[in-house]
Amino acid sequence: MVIGIDYDDTWTKDPKFWRAFCHSVLNHTKHQIVMVTQRCECWPEQVKQVHEDVGENFIPIVFAGDPVLPQSKIEAARHAGWMVDVWIDDNPISVTTQMYRIRERGYDVGEEF
Ligand SMILES: [Mg+2]
């Protein structure tokens, strides 16, 4: 099983908990974990913050929030080679819907998107 975990308002709500969760999964099961965030690789400071917080090589990280090529998290994960089975996300609509479309529908997605 591949588990996809969000960063903003998921991992950041309790990094210590999620780190322990990931350690347990990775050390005691054959399951895999990939982080999929709507942050963009084009924002170096935000990328740096994620890497510093999560750990450079702790789990793979997919940055889905490309403003030039808008894509949902599931699309970005697939393009990166990850077929996620289970998602952990505070904003589940972002898994299947491109962020600008979520904003169009009136959902509050924060200032950064
Ligand atoms: Mg989130």
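## Elements along the chain

Helices, taken as H or I runs of at least four residues, and strands, taken as E runs of at least two, are DSSP runs numbered from the N terminus. In this predicted model, the protein has 5 helices and 4 strands, and from the N terminus on these elements follow the order β-α-β-α-β-α-β-α-α.

Across the 113 residues of the protein, buried residues make up 24%.

## The nonpolar core

The largest nonpolar core holds 16 residues, of which Met35, Val36, Ile61 and Val62 touch the most other members. Two or more residues of this core are given by each of strand 2 (32-37), helix 2 (44-54), strand 3 (61-63) and helix 3 (73-79).

For Val62, leaving aside the neighbours within four places in sequence, the contacts are with Val34, Met35 and Val36, and also with Ala76, Ala77, Ala80 and Trp82.

## Thr96 and its surroundings

Thr96 belongs to helix 4, which covers residues 93-96. Because a residue is buried at 20 or more C-beta neighbours within 10 Å and exposed at 12 or fewer, Thr96, with 13 such neighbours inside 10 Å, counts as partly exposed.

Once the neighbours within four places in sequence are left aside, Thr96 is in contact with Ser72 and Ile74. The C-alpha atom of Thr96 is also separated by 8.7 Å from that of Gln71, a residue 25 residues apart from Thr96 along the chain.

Methods:
Residues are numbered from 1 along each chain as its sequence is written. This is a predicted model: local features need pLDDT of at least 70, side-chain atom pairs count only at pLDDT 80 or more; totals for chains, interfaces and linings use all residues. Two residues are in contact if their C-beta atoms, placed from the backbone, lie within 7 Å. A nonpolar core is a set of buried Ala, Val, Leu, Ile, Met, Phe, Trp, Tyr and Cys residues joined through C-beta atoms within 7 Å.
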